Amino acid sequence: MTFINYLIKHLKNNKEILILIGIALLVWLVYFKINFAGLTAPDAQNYASIARNIVRGNGLLADDVLPGEITVLKTDVFRGCRNAPLHPLIMAISFFLFGVSDRSAIISSAFFYFLSVPLVFLLGNRL
């Protein structure tokens, strides 16, 4: 049985997962309403700049450079292999669908947050 079939089977049979997803949605909405003031974390800004460059057709390049990279690398600091590409690619899809903004960037982060809830539950259930 593949993992996807296992996940679908347990989503149908376990009401606990649906309750956890509902609680996660409530927590995320409260956190988003109270605490979200834009992309203030440096990593979030970096991923957003990579996603913005993907949407523009410039590739997996960041618009910013960390001071340590300038010191160590000295040349080619705007290289594309600096970060893992999965999150910027998902964020680029969100930018393409909803436009380039802080709110569309948070949608991609929420996607990963909600995806982790059933995965952590099933992992804990198996352990």
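Which residues of α5 are buried? Before selecting them, keep in mind that this is a predicted model, in which local features need pLDDT of at least 70 and side-chain atom pairs count only at pLDDT 80 or more, while totals for chains, interfaces and linings use all residues. Residues are numbered from 1 along each chain as its sequence is written, and side-chain values use heavy atoms, with hydrogens and water left out.

**Stop 1: helix α5**

Select residues 86-98, which form helix α5; helices here are DSSP runs (H or I, at least four residues), numbered from the N terminus. Colour His87, Pro88, Met91, Ala92, Ser94 and Phe95, the buried residues of α5, where buried means under 20% relative accessible area, exposed over 50%, and partly exposed in between (1.4 Å probe, protein chains only). Viewed down the axis of α5, these buried residues fall within an arc of 160 degrees, so they line one face of the helix; the arc is that of the directions from the helix axis to the C-beta atoms. Turning to the other side of α5, you will find Leu86, Phe96 and Leu97 exposed.

Next, show α3 (42-56) and α6 (102-126), against which the buried residues of α5 pack.

**Stop 2: serine 108**

Within helix α6, select serine 108, which is buried, with a relative accessible area of 2%. Leaving aside neighbours within four places in sequence, serine 108 is in contact (heavy atoms within 4.5 Å) with His87, Ile90, Met91 and Ser94.

**Stop 3: valine 55**

Move to helix α3 and select valine 55, which counts as partly exposed because its relative accessibility is 37%.

**Stop 4: helix α2**

Finally, select residues 15-35, which form helix α2 and number 21. At 1.5 Å a residue, α2 should span 30 Å, and its end C-alpha atoms are 30 Å apart, which agrees; the expected span is 1.5 Å times one less than the number of residues. The buried residues of α2 are Ile17, Ala24, Trp28 and Phe32. They cover an arc of only 65 degrees around the axis, which puts them on the same side of α2. An α-helix has 3.6 residues a turn, so residues three or four places apart point the same way.

Terms used:
Helix = DSSP H or I, 4+ residues; strand = E, 2+ residues; numbered from the N terminus.
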